[in-house]
Amino acid sequence: SAGVTIPRLFDDRGALTIVPWARWSGVEGSTYDLFNNETAPGEYREYGIDANYQFQFKDTVSVSAGALAYDREYTRSDIGSENRRDFYVAPQTTVTVQNFLPCQCAMNLTWRWRVNDSNGPAADYDGRQISLGITARF
C-alpha cells in the first residue's frame with residue numbers, strides 16, 4: 001500500500017494522511033466456527049482506507065482524528081448460501097504530548113470506536129477502546 005500526505009491543509013500546522021489498500025490473502029487451511037460452519041480465516045480479499053488529520057497545537061502537543069475502514073470478503077467461509085463478508089470501521093482520536101520527561105519520549109492517549117458489521121453470526125461486534133502509550137527514543 002502507498003499513501004499520500006497533504007501538508008498545511010486548513011492551517012500551516014495541519015496535515016491529512018490517506019492510505020488506501022487492497023489485500024489478497026491466500027493462507028490455506030480451515031476450521032469450524034461455533035455454528036459448525038467451515039471457515040478459512042486466511043483466505044480473503046480486502047479493500048480499505050486509513051485517513052487521519054493531524055494538527056500540531058504547539059511544539060510538544062498534537063491532536064489527530066480519523067478513521068480506518070475496510071471491506072473484507074472471505075473466499076471460503078459459508079454463511080448460509082454465501083461467503084462471510086465483514087465491513088469494519090474504526091473512528092479514532094489521539095492526543096500526543098512529546099518530551100514530557102527529560103528524554104526524547106512521547107505519550108499517546110487514543111480513543112477508538114471499533115465496529116464490525118458481518119453476515120457471520122458470531123463476527124458482529126461494537127467496542128470502544130482507550131489506550132495510553134509511552135514511546136522513548138534512544
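I'll start at a turn: in the hairpin that joins β1 and β2, with six residues between the strands, R8 takes a positive phi near 55 degrees. Helices and strands here are DSSP runs numbered from the N terminus, helices being H or I with at least four residues and strands being E with at least two.

Some ground rules. This is a predicted model, so to speak of a local feature I need pLDDT of at least 70, and side-chain atom pairs count only at pLDDT 80 or more, while totals for chains, interfaces and linings use all residues. Residues are numbered from 1 along each chain as its sequence is written, and side-chain values use heavy atoms, with hydrogens and water left out.

Now the overall make-up. The chain has zero helices and nine strands. Of its 138 residues, 25% are buried, where buried means under 20% relative accessible area, exposed means over 50%, and partly exposed is in between, with a 1.4 Å probe and protein chains only.

Next, strand pairing. Two strands pair if DSSP finds at least two bridges between them. Strand β1, residues 4-7, is antiparallel to strand β2, residues 14-26, and four bridges join them. Within that pair, P7 stands opposite A15 in β2. β2 also runs antiparallel to β5, with 13 bridges. There, I18 has A51 in β5 as its bridge partner.

β5 covers residues 43-58, and N52 lies in it. Is N52 buried or exposed? N52 is buried, because its relative accessible area is 18%. The N52 side chain makes a polar contact with the side chain of D50 at 3.1 Å. A polar contact is a pair of N or O atoms within 3.5 Å; within protein, one must be able to donate a hydrogen and the other to accept it, and residues adjacent in sequence count only if both atoms are side-chain atoms.

V97 stands opposite M107 in β8. The hairpin of β7 and β8 has six residues between the strands, and N99 in this hairpin takes a positive phi near 55 degrees. β8 then runs antiparallel to β9, joined by twelve bridges, and a hairpin of six residues leads from β8 to β9. In that pairing V115 stands opposite D126 in β9.

On to the surface. Which residues form the nonpolar patch? They are V95, L109, W111, W113, I130 and L132, with about 580 Å² of accessible area together. Patches are made of residues with over 30% relative accessible area and no salt bridge; like charges are joined within 9 Å, and nonpolar side chains (Val, Leu, Ile, Met, Phe, Trp, Tyr) within 5 Å. The areas come from the Shrake-Rupley method with a 1.4 Å probe, and for residues only the protein chains shown count as cover. β8 (105-118) and β9 (125-136) each supply at least two residues of the patch, and β8 gives the most, with three. I130 sits in β9 and is exposed, because its relative accessible area is 65%.

Salt bridges next. The rule is a side-chain nitrogen of Lys or Arg within 4 Å of a carboxyl oxygen of Asp or Glu. The count comes to seven salt bridges. One of them pairs R13 with D11, the closest N and O atoms being 3.4 Å apart. R13 is partly exposed at 43%, and D11 is partly exposed at 29%. E73 and R45 also meet in a salt bridge, at 3.4 Å from N to O. This pair links distant parts of the chain, with E73 in strand β6 (residues 61-79) and R45 in strand β5, 28 residues apart. E73 is partly exposed at 25%, as is R45 at 33%. D126 and R128 form another salt bridge, 3.4 Å from N to O. Salt bridges that share partners also join R23, E46 and R72 into one network.
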